[in-house]
Amino acid sequence: MGTADLGQFRAGVQRWCSAHVPAHWRAAQTGASQEEFISFQQAWFQQLRAGGYAVPHWPAEWGGGLSAAEQVILYQELAAHDAPRLVLGFVSIHHAAATLLAAGTDAQRRQHLPAILDGEIWCQGFSEPEAGSDLASLRTTARREGDTFVVNGQKIWSTWALVADWCLLLARTDPAAPKRHGISYFLMDMRSPGIELRPIRQATGEWHFCEMFLDNVEIPAAHLVGDENAGWQVAQSTLSAERGMTMLELAERLGHAGLSRLQRLCRQAGHDEAHPAVDPLVADQLASFETEIAGLRALCRRVVERHEDGRAGPADASIVKLFYSELLQRMTGFGADLAGLQALTELEKPASSSWESGAWALDFVGSWEWTIPGGTSEIQRSIIGERGLGLPREPAVTS
Amino acid sequence: MSADLTEVREELRGVARDLLSKAGAAPDWQLLADAGWLGLEADAAVGGSGASFTEVAVIMEELGRIAAVSPYLGSIVLGAGALAALDPLPGRDELLADVITGRQIVAVALATGDEAVTEDLSPFSIEASAGRLRLRGSAAFVPDAAAADWILLPALTASAEPVVVPVRSARLTIEPQPVLDGTRRLARVTADDLDVSAGPTWHPAGDPAAALRRLADRAALAVACDSLGLSHAMLDATVRYARQRQQFGRPIGSFQAVKHACADMLVRLSIARELVEAAAAALAQGTSAAAAEVSMAKSYACSAAMDVTGKAMQLHGGIGYTWESVVHVYLKRAMLNRSLFGSPAAHRRRLALRYG
């Protein structure tokens with residue numbers, strides 16, 4: 001697609017955004033009940049779908065088909081128009097779809113991809129109380145009984161599990177095999193008997209996560225993804241597959257709503273009539289953040305390009321995740337510092353927003369949701385050192 | 001950026017790295033001329049190859065990688081860059097042709113400190129008195145002035161119009177300024193009521209003030225490229241050392257404290273590279289955002305180079321602190337680069353001016 005065509009595409013997205021991004025959605029989503037949040041998310045998803053923008057990264061035959069260059073433009077414009085984010089459907093349209101497209105059967109794809117377009121919600125059942133950073137040591141078991149697997153164990157940190165229809169589940173099918181070799185990947189119907197959910201309230205006061213107790217939950221063998229005992233490879237290949245574009249979206253958000261909110265905050269008169277923007281220290285910090293965001297956005301575009309060309313670097317995903325999450329933490333921390341006591345009076349942040357909603361103190365607290373999940377910053381640094389730079393692994397502990 | 005152009009640049013990078021790795025830390029100027037690197041940007045009419053600043057940026061990065069002693073910054077980034085930005089008056093093309101064949105070295109006595117980022121760039125003034133044109137002023141830390149045959153002096157006329165006066169270096173007072181970084185040649189250039197009536201006075205094409213500003217931005221970005229290159233050399237050296245050096249019965253690179261520090265270096269340099277390449281493309285295309293992009297690249301890449309070279313010294317341990325080791329050479333070059341053509345803080349100040 002030529003530059004002129006891309007220009008037309010951008011103009012089309014801009015027109016669509018002007019017509020469809022709901023006015024005042026932030027105010028409406030501040031203090032929204034769970035029901036209001038879900039119905040807002042589902043309605044916004046259907047609007048995007050009608051516009052052809054809900055699942056741009058999917059293959060055309062399943063309802064997507066935008067080129068990487070078009071996706072970049074789409075996310076840039078959604079960010080520039082401060083559109084709500086697809087928070088609720090994130091796992092569904094990214095991880096679930098990537099898994100089904102990469103390793104699912106035709107029947108699984110036909111069942112779930114159209115359903116996801118209709119609003120089917122997915123959660124992830126990977127982490128366990130004793131398997132966080134060391135995910136491969138997970139203990140939940142799936143015992144084969146004829147055409148069925150019987151699952152027992154406990155999962156944790158499952159985002160939106162309480163409202164999810166389906167779950168991407170990792171469970172051990174060969175307890176005798178070495179850690180990574182005895183794990184299988186399942187699609188679990190959340191209506192199955194034997195699933196008990198307990199919400200976990202997080203540091204921000206919100207309830208996004210759940211603990212999941214699995215007591216003899218039966219999963220038909222047809223819901224296995226990939227080969228039995230090959231679940232680790234399936235999970236590895238799909239976990240980072242989508243990271244380039246999803247990180248690009250977040251980087252664009254940081255560069256638009258995030259930076260402009262921070263600039264506004266810096267311009268607001270302080271308590272002592274001082275004008276923070278003229279404070280050289282504040283201006284210096286702001287210029288620093290602007291620079292880092294520009295670098296991050298360019299790096300995300302580069303990672304997407306390299307991924308498209310099949311030249312993805314082994315540490316690309318970790319580099320952007322680590323840099324984004326720590327930049328977010330520093331930036332929201334700066335915002336909270338600058339906004340001072342006033343920021344601490346904001347007890348709720350708007351749902352459906354990005355990670356820098358403008359409720360700086362809460363955003364700062366929430367930033368650990370980026371430096372911990374999805375591989376902590378420490379794990380990312382080890383990956384970058386080992387896969388990106390070829391440094392030796394730590395010797396395994398033998399006991 | 002088209003894939004073809006990227007490919008051409010990567011090919012140039014490969015050739016440059018290969019050639020420079022054999023050439024030693026003070027590569028022969030004629031070698032660079034024969035490789036065609038002195039005329040990358042110049043028009044074919046004067047013997048150049050008509051490429052752009054993005055190719056010059058590649059050479060600067062590779063020169064930084066070997067911490068080269070070379071007048072490339074003075075004579076090509078600034079000298080040839082200034083000549084190309086002037087109205088094509090008589091004498092200009094001949095001098096430019098000589099510069100890109102390596103026969104003549106030309107330095108530009110531009111302001112090099114923080115004042116060069118947001119304030120005046122012309123350290124000299126030119127005035128008519130008693131029928132003679134007289135030039136006076138002084139510029140400090142001028143790259144490669146001592147080796148130059150000609151110095152281009154940016155000067156303000158009595159009516160505050162920026163002009164450029166080419167002067168044979170023998171007619172000026174040029175005092176070398178030794179600095180801790182032993183790989184750069186800087187000098188103070190002074191003109192003390194010099195009679196320049198006989199020589200030409202050249203005018204920057206278009207808006208003269210903007211042309212000088214672009215020249216300073218070229219220099220700032222070239223220094224950022226240099227810092228990017230030297231940082232990568234130090235990251236490579238540190239990773240090599242951490243894989244091979246054994247303590248407590250295992251390579252030190254297997255310890256998280258060391259590994260994570262190396263990871264942080266790579267992350268910072270990944271961001272720095274994006275900023276530098278974006279700014280080089282913006283400068284080459286002459287976009288209106290180029291100045292801001294240069295300030296981002298200069299401030300970030302030069303700060304990152306300080307972190308990386310400092311960490312390289314730390315992770316090399318005692319051996320890295322010795323005079324024999326090259327780490328201090330790189331650390332000092334990074335320190336010089338940080339200050340030359342505007343400190344990170346000065347460049348962030350320029351960015352902040354846009355916030356209003």
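**Entry 1. Helix 9 and helix 10 of chain A**

I looked up how helix 9 and helix 10 of chain A pass one another and found a left-handed crossing. The model I am reading is a predicted one. The two axes of helix 9 and helix 10 of chain A come within 10 Å and cross at roughly 155°. Helix 9 and helix 10 of chain A are therefore roughly antiparallel to each other, since an angle over 145 degrees counts as such.

I then listed the residues that make this contact. From helix 9 of chain A they include Val282(A), Phe289(A), Leu296(A) and Val303(A). The charged Glu292(A) and Arg306(A) also belong to the helix 9 side. From helix 10 of chain A I noted, among them, Asp316(A), Phe323(A), Tyr324(A), Met331(A) and Leu338(A). By class, the contact of helix 9 with helix 10 of chain A has 13 nonpolar, one polar and three charged residues.

**Entry 2. The contact between the chains**

I next turned to where chain A touches chain B. Chain A provides 30 residues to the contact, and chain B provides 27 residues. On the chain A side, helix 9 (280-308), helix 10 (316-344) and helix 13 (377-388) each supply at least two residues. Which helix of chain A gives the most to this side? I recorded helix 9 of chain A, with 14 residues. By class, the side of chain A that touches chain B has 16 nonpolar, seven polar and seven charged residues.

**Entry 3. Helix 13 of chain A against helix 8 of chain B**

I examined one helix pair across the two chains. Helix 13 of chain A and helix 8 (residues 256-285) of chain B have axes 8 Å apart and pack at an angle of about 80°. Helix 13 of chain A and helix 8 of chain B are therefore roughly perpendicular to each other.

**Entry 4. Helix 4 of chain B**

I checked the span of helix 4 (residues 72-84) of chain B. Its 13 residues place the end C-alpha atoms only 15 Å apart, short of the 18 Å that a straight helix would reach at 1.5 Å a residue. Is helix 4 of chain B largely enclosed or exposed, and why? Twelve of its 13 residues are buried, so helix 4 of chain B is largely enclosed by the rest of the structure. Among the buried residues I noted Tyr72(B), Gly74(B), Ile76(B), Gly79(B), Gly81(B) and Leu83(B).

Most residues other than glycine have a negative phi. Trp157(A), not a glycine, has a positive phi of about 65°, and Trp160(A) likewise has a positive phi, of about 60°. Trp157(A) is placed in the loop between strand 3 (148-156) and strand 4 (166-172) of chain A, and Trp160(A) lies in the loop between strand 3 and strand 4 of chain A. I found Trp157(A) buried, with 22 other C-beta atoms within 10 Å. Trp160(A) is buried as well, with 23 other C-beta atoms within 10 Å.

**Entry 5. Thr99(A)**

Thr99(A) counts as buried because it has 25 C-beta neighbours inside 10 Å. Leaving aside neighbours within four places in sequence, I found Thr99(A) in contact with Gly104(A), Leu168(A), Val225(A), Val234(A) and Thr238(A). The C-alpha atoms of Thr99(A) and Pro373(A) are separated by 19 Å, the two residues being 274 residues apart along the chain.

Conventions:
Residues are numbered from 1 along each chain as its sequence is written. Chains are lettered from A and ligands numbered from 1 in the order in which they are written. This is a predicted model: local features need pLDDT of at least 70, side-chain atom pairs count only at pLDDT 80 or more; totals for chains, interfaces and linings use all residues. Two residues are in contact if their C-beta atoms, placed from the backbone, lie within 7 Å. Helices (H or I, at least four residues) and strands (E, at least two) are DSSP runs, numbered from the N terminus. Axes are lines fitted to C-alpha atoms, for helices over the stretch in contact, and angles run from 0 to 180 degrees between N-to-C directions. Angles under 35 degrees count as roughly parallel, over 145 as roughly antiparallel, 65 to 115 as roughly perpendicular and the rest as oblique. A crossing is left-handed if the near helix is turned anticlockwise from the far one by less than a right angle, and right-handed if clockwise. The expected span of a helix is 1.5 Å times one less than its number of residues. A residue is buried if 20 or more other C-beta atoms lie within 10 Å of its own, exposed if 12 or fewer, and partly exposed in between; C-beta atoms are placed from the backbone.
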